[in-house]
Amino acid sequence: MILTALEQRQLELLLGQYQQDSHVQKMKQYIQHGAVSTYEHCQNVARVSFWLNRRLGLHADEQALVTGAFLHDFYLYDWHVPEAYHRLHGFSHAAVAMNNAVRYFQVGEKEQAIIRCHMWPLNLTRVPMSREAVIVCLADKYCSAVETVWQRKKG
């Protein structure tokens with residue numbers, strides 16, 4: 001998804017407070033899919049969400065959209081390492097990410113809902129109920145597929 005230079009600057013302004021935060025920077029330590037870090041994955045989902053909203057004229061709340069997208073996997077652990085507390089990572093990490101977003105950034109209800117339901121339909125009871133949540137859910141699935149299939153580890 002290609003953004004114009006102006007759109008890229010607007011996206012950076014919306015994400016500025018989060019990108020430089022030391023807790024968010026820790027996401028660079030963990031691999032999400034293939035060779036892509038959790039930080040890169042969250043950037044990708046934010047960019048695709050922003051692009052979809054702009055190109056399709058969806059009129060979502062851009063601040064809530066990109067905040068929820070960027071913090072949707074803000075769980076801060078390596079899900080590839082077997083640990084009892086994240087054994088069911090696919091089902092539990094959205095709640096962990098949401099709690100971290102509240103703890104470190106006091107995100108609002110709309111952003112919490114975006115983060116909480118981004119794993120639908122795996123989490124059947126957490127249905128996206130806002131246009132922002134639907135956009136992030138779709139962008140996350142798209143980015144996950146691209147990262148898993150085409151951005152594999154080398155060697």
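Helices (H or I, at least four residues) and strands (E, at least two) are DSSP runs, and they're numbered from the N terminus. With that naming in hand, here are the close-ups; keep in mind that this is a predicted model.

**View 1. Leu-76 sits in the loop between helix H4 (62-71) and H5.** What is the phi of Leu-76 near? It's near 60 degrees, a positive value in a residue other than glycine. That's worth a second look, because most residues other than glycine have a negative phi.

**View 2. Gln-106 is another non-glycine residue with a positive phi, about 50 degrees.** You'll find Gln-106 in the loop between H5 and H6. Is Gln-106 buried or exposed? Exposed counts as over 50% relative accessible area, and Gln-106 has 58%, so it's exposed.

**View 3. Trp-120 and Pro-121 are joined by a cis peptide bond.** Omega is about 15 degrees here. For comparison, most peptide bonds are trans. Pro-121 belongs to the loop between helix H6 (109-116) and H7.

**View 4. Here's the largest pocket, with a volume of about 240 Å³.** It has 13 lining residues, and the closest to its centre are Gln-32, His-33, Met-119, Asp-140 and Ser-144. Strand S1 (31-33), helix H5 (89-105) and helix H7 (131-150) each give two or more residues to the lining. Which element gives the largest share? That's H7, with 4 residues. Sort the lining by type and you get 3 nonpolar, 7 polar and 3 charged residues. How can empty space like this be found? Rolling a probe the size of a water molecule over the atoms shows where empty space is left.

View 5. How much relative accessible area does His-41 have? It has 0%, so His-41 counts as buried, given that the cut-off is under 20%. Its side chain makes a polar contact with the side chain of Glu-147, at 2.7 Å. Leaving out residues up to four places away in sequence, His-41 touches Gln-32, His-33, Val-36, His-72, Asp-73, Asp-140, Cys-143, Ser-144 and Glu-147.

**View 6. The largest nonpolar core brings together 35 residues.** Those with the most contacts inside this core are Leu-15, Val-24, Phe-70, Leu-71, Phe-74 and Phe-105. Helix H1 (5-19), H3, H4, H5, H6 and H7 give two or more residues to it, and the largest share, 7 residues, comes from H3. As a general rule, in soluble globular proteins, nonpolar side chains tend to be buried together.

**View 7. Zoom in on Val-24, one of the core residues with the most contacts.** Which residues does Val-24 touch, not counting those up to four places away in sequence? They're Tyr-18, Gln-19, Tyr-39, Phe-70, Leu-71, Phe-74 and Phe-105.

**View 8. Ala-139 lies in helix H7.** Ala-139 has a relative accessible area of 0%, so it's buried. Setting aside residues up to four places away in sequence, Ala-139 touches Val-45, Val-48, Ser-49 and Leu-52. And how far is Ala-139 from Glu-111? The two are 28 residues apart in sequence and 15 Å apart in space, going C-alpha to C-alpha.

How values were computed
Residues are numbered from 1 along each chain as its sequence is written. This is a predicted model: local features need pLDDT of at least 70, side-chain atom pairs count only at pLDDT 80 or more; totals for chains, interfaces and linings use all residues. Side-chain values use heavy atoms; hydrogens and water are left out. On a 1 Å grid over the protein atoms alone, a cavity is a set of points where a 1.4 Å probe fits but cannot get out, and a pocket is an open set with protein on both sides within 12 Å along at least five of seven lines; lining residues have an atom within 4 Å of a point. Grid points are joined across faces, edges and corners, and a volume is the space filled by probe spheres set on the points. Ala, Val, Leu, Ile, Met, Phe, Trp, Tyr, Cys and Pro count as nonpolar, Asp, Glu, Lys and Arg as charged, and the others, Gly among them, as polar. Buried means under 20% relative accessible area, exposed over 50%, partly exposed in between (1.4 Å probe, protein chains only). A polar contact is a pair of N or O atoms within 3.5 Å; within protein, one must be able to donate a hydrogen and the other to accept it, and residues adjacent in sequence count only if both atoms are side-chain atoms. Contact means heavy atoms within 4.5 Å. A nonpolar core is a set of buried Ala, Val, Leu, Ile, Met, Phe, Trp, Tyr and Cys residues joined through side-chain atoms within 4.5 Å.
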